[in-house]
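Good morning, and thank you for joining. I would like to take you through a few individual residues in this chain.

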Amino acid sequence: QVHLTEAGGGLVQAGGSLRLTCTASELIFSVAWYRQPPGKQRELVAVVSIGNSPVYAASVKDRFTISRDDARNTVYLQMNSLKPEDTAVYYCKGRRGNSDWWGQGTQVTVSS
């Protein structure tokens, strides 16, 4: 069982920045950030896999950056130029083979 822990959420004004972290109990091949806005379905934000270029949702491209530090089993999501529509619970998901693991989520609230 792999454990994932997110941190770094909070309240920020529009135009501000936050950095989320996802720390895993062991190295994971692929880690993705998802978010679930209030009353909406969970959606993919960004994903990074070992040896591959990151992939971003169109709504966050050029504003968010996903990166990983494999020595620390940690994946980061740097979020810049935040908008009120970025408000959501952000989750990280790890994947290795056919197994997926989710973190507990961290709330990000962007005020206008």
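Leaving aside its neighbours within four places in sequence, which residues is A24 in contact with, taking contact as heavy atoms within 4.5 Å? They are V2, H3, L4 and N73.

A word on the basis: this is a predicted model, in which local features need pLDDT of at least 70 and side-chain atom pairs count only at pLDDT 80 or more, while totals for chains, interfaces and linings use all residues. Residues are numbered from 1 along each chain as its sequence is written, and side-chain values use heavy atoms, with hydrogens and water left out.

A24 belongs to strand β3, residues 18-24 (strands are DSSP runs of E, at least two residues, numbered from the N terminus). A24 counts as buried because its relative accessibility is 13% (buried means under 20% relative accessible area, exposed over 50%, partly exposed in between, with a 1.4 Å probe and protein chains only).

With 22% relative accessibility, N73 is partly exposed, and its phi is positive, about 50°, although N73 is not a glycine. Most residues other than glycine have a negative phi. D62 also has a positive phi, of about 80°, without being a glycine. D62 lies in the loop between β6 (55-56) and β7 (64-69) and is exposed, at 76%.

Finally, D86 is in the loop between β8 (74-79) and β9 (88-96), yet counts as buried, at 1% relative accessibility. Beyond four places in sequence, its contacts include R63, F64 and V108.

Terms used:
Helices (H or I, at least four residues) and strands (E, at least two) are DSSP runs, numbered from the N terminus. Contact means heavy atoms within 4.5 Å.
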